[in-house]
Amino acid sequence: MSSERKKNPKHFQLNPNWAQLQQVLFFPKILFFLSDFLLIVSLIHLQKLKSFAKPSRHSKNPQSETPNSILGKRKERPNSEPDDAKPNPLMPTNDDSSVTDVLAMDCEMVGVGQGNKSALGRVTVVNKWRNVIYDEFVRPVEHVVDFRTRISGIRPRDLRKAKDFRVVQKKVAELIKGRILVGHALHNDLKALLLMHPKKDLRDTSEYQPFLKEGRRKALRHLAAEVLGVEIQNGEHCPVDDARAAMLLYSKNRKEWERSVKDQLRLKEKQKKRKQRKKPKADINHSLIAS
């Protein structure tokens, strides 16, 4: 029996109907998966086309802006600039650091002696363009007992390598000699420097008549806020900002200020001449009485 089965190969062949049935069942599955794949690909492609052709909400002309356009981003955020981006009016108008005919100075003090006596701790000088031409911490002659950091901004480390008072005094004297000196309450700064300056060359923002309120002096921070629209001295004072603020106050009123100075000088000259004319008459009367 076994030999007969080996001789008959048709006994082990698959039924043709069964093979056809397998093909019928398997082929639709392939078509189903293939159709799903094509559908997904077409949907992805369509979504890309829609996103590319979609106009910007912030632009009427979609072709005028590209996704990577910097200008386009700025148009979408016209009011996004912070207030801090506004230019500071105290900043220099150029990079010229030469010694000009007009200089502004501000000083910060420290406490010596019992602490109630002031000594120079820092001095800053700017030119008429508000560029810093001299800015030095100063080592006072006397021992510092109060750095007054809350106002002066000076700390012990600032004076460790500070310049000697006499060196700074000499340099400042050379800078301001023969020049107009601008500042706020300059008599305090000059007193700390142990220097004198001709009154005709002083432009003190604390004494300028238009800046006075009912004859009383205003603080520099108030003048800066009212006239310049800038805030200074919020906490520790910065002599650079203070000197720049004084210079800007002067620059904005220079013509009127200089005119008033000339008028005052003329008036003093007239008064001086009148006194000189009266003196000879008084001498003649005195000689007549004596005789």
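Student: Is Asp-201 buried or exposed?

Tutor: Burial is read from relative accessible area, where buried means under 20%, exposed over 50% and partly exposed in between, with a 1.4 Å probe and protein chains only. Asp-201, at a relative accessible area of 13%, is therefore buried, whereas Lys-200 is partly exposed at 48%. This is a predicted model, in which local features need pLDDT of at least 70 and side-chain atom pairs count only at pLDDT 80 or more, while totals for chains, interfaces and linings use all residues. Residues are numbered from 1 along each chain as its sequence is written, and side-chain values use heavy atoms, with hydrogens and water left out.

Student: With which residue does Lys-200 form a salt bridge?

Tutor: A salt bridge is a side-chain nitrogen of Lys or Arg within 4 Å of a carboxyl oxygen of Asp or Glu. Lys-200 forms one with Asp-201, the closest N and O atoms being 3.4 Å apart. Salt bridges that share partners also join Asp-101, Lys-128 and Arg-254 into one network.

Student: How many salt bridges does a search of the whole structure find, and what does the pair of Arg-254 and Asp-101 tie together?

Tutor: The search of the whole structure finds 13 salt bridges, and one joins the side chains of Arg-254 and Asp-101 at 3.5 Å, N to O. Arg-254 lies in helix α10 (residues 254-290) and Asp-101 in the loop between α3 (70-76) and β1 (102-112), so this pair ties together parts that are 153 residues apart in sequence. The elements named here are DSSP runs numbered from the N terminus, helices being H or I of at least four residues and strands E of at least two. Arg-254 is partly exposed at 31% relative accessibility, and Asp-101 is partly exposed at 39%.

Student: Which residue forms a salt bridge with Arg-155?

Tutor: The partner of Arg-155 is Glu-236, with the closest N and O atoms 2.6 Å apart. Because Arg-155 lies in the loop between α4 (149-152) and α5 (156-160) and Glu-236 in the loop between α8 (220-228) and α9 (239-252), the pair ties together parts that are 81 residues apart in sequence.

Student: What is phi of Leu-194 near, and where does Leu-194 lie?

Tutor: Phi of Leu-194 is near 55 degrees, a positive value in a residue other than glycine. Leu-194 lies in the loop between α7 (186-193) and β7 (202-204), and is exposed, with a relative accessible area of 62%. For Gln-233, phi is near 55 degrees, a positive value in a residue other than glycine; Gln-233 is placed in the loop between α8 and α9 and counts as buried at 18% relative accessibility.
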